[in-house]
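Here are some notes to read alongside the model. Have it open and follow the points in order.

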Amino acid sequence: MLNIILFGPPGAGKGTQSAKLIEKYNLTHLSTGDVFRFNIKNETDLGVLAKSFIDKGELVPDEVTNDMVADFLDQNFNDNGFIFDGYPRTIQQADALAKMLDDKNTTISLMVALEVEEDELVKRLLERGKTSGRADDQSEDTIRNRFRVYQEETAPLAMHYSDLGKYRGVHGMGSVDEIFVRLSHCLDIVSETGE
Ligand code: B4P
């Protein structure tokens, strides 16, 4: 099984690259952001709760997010593997994911991190905000808050997976196709050697 965490700050291109990677490697895509947005659109209880955090650029609480992921894995488990896009985002989520996968006799293969300069991220998110209708992409203040939350709560995960020998950084600037080639190289190595 190939279980990949696609990591990086808001706007790094996780969703964009996940769409291409799942096709090439026949993996299942789990974007916690997409699942929250689906629930927001359908005005479920989970959606109403998630919206109150997402619109401010805050993280949805760990317990809510972990329960949602556990349900998803139960319903979509398969032998090929997963791209985890935007999850885990805290150490607590990483520990919960490790346990969920361990219970299914599998583990994370690799975290690949898209490295992009902050000015480029702001530019991409404000551009997306013009058409996405996403409240969290509309103002530079909210976007900057997302970066602050990322630095405080999410960035430490890089060290967590690095300590496990499961971390690769990838230059995330350039065209979508150029970045896809770099990511594919990392996935090819881990799928061929298990390293
Ligand atoms: P997410 O949905 O995960 O989204 P994201 O970080 O905004 O973006 P991503 O990195 O996927 O960028 P994309 O490809 O779209 O999170 C949204 C919110 O949900 C979070 O802030 C949080 O509140 C909540 N949430 C989600 N998961 C959570 C969790 N685990 N725990 C708690 N809360 C959680 O790319 C961005 C833009 O750049 C696009 O417009 C794209 O077209 C463009 N782009 C991509 N690649 C490009 C390139 N190479 N060059 C130029 N533009 C590019």
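1. Start with Phe82: it is buried, with a relative accessible area of 0%. Phe84 counts as buried too, at 0% relative accessibility. (Buried is under 20% relative accessible area, exposed over 50% and partly exposed in between, with a 1.4 Å probe and protein chains only.)

2. A word on what you're looking at: this is a predicted model, where local features need pLDDT of at least 70, side-chain atom pairs count only at pLDDT 80 or more, and totals for chains, interfaces and linings use all residues. Residues are numbered from 1 along each chain as its sequence is written, and side-chain values use heavy atoms, with hydrogens and water left out.

3. Back to the rings. The structure has three aromatic pairs. (Rings of Phe, Tyr and Trp, the last by its six-membered ring, pair if their centres lie within 6.5 Å; planes under 30 degrees apart are stacked, over 60 edge-to-face, the rest tilted.) Phe82 and Phe84 have ring centres 5.7 Å apart and planes at 25°, so they are a stacked pair. Together with Phe77, Phe82 and Phe84 form one aromatic cluster.

4. Phe7 and Tyr150 make a tilted pair, because their planes sit at 40°, with the centres 5.9 Å apart. Phe7 is in strand β1 and Tyr150 in helix α7, so this pair ties together parts 143 residues apart in sequence. (Helices, H or I with at least four residues, and strands, E with at least two, are DSSP runs numbered from the N terminus.) Phe7 is buried at 5% relative accessibility, and Tyr150 is buried at 12%.

5. Which residues come nearest to the ligand? Of the 30 around it, they are Thr16, Thr32, Glu58, Arg128 and Arg146 (near means a heavy atom within 4 Å).

6. A side-chain N or O atom of Thr16 is 2.8 Å from a ligand oxygen, while a polar side-chain atom of Gln93 lies 2.9 Å from a ligand nitrogen. For Arg134, a polar side-chain atom is 3.3 Å from an oxygen atom of the ligand. The protein covers 86% of the 1000 Å² of accessible area that the ligand has on its own (Shrake-Rupley method, 1.4 Å probe).

Conventions. A polar contact is a pair of N or O atoms within 3.5 Å; within protein, one must be able to donate a hydrogen and the other to accept it, and residues adjacent in sequence count only if both atoms are side-chain atoms.
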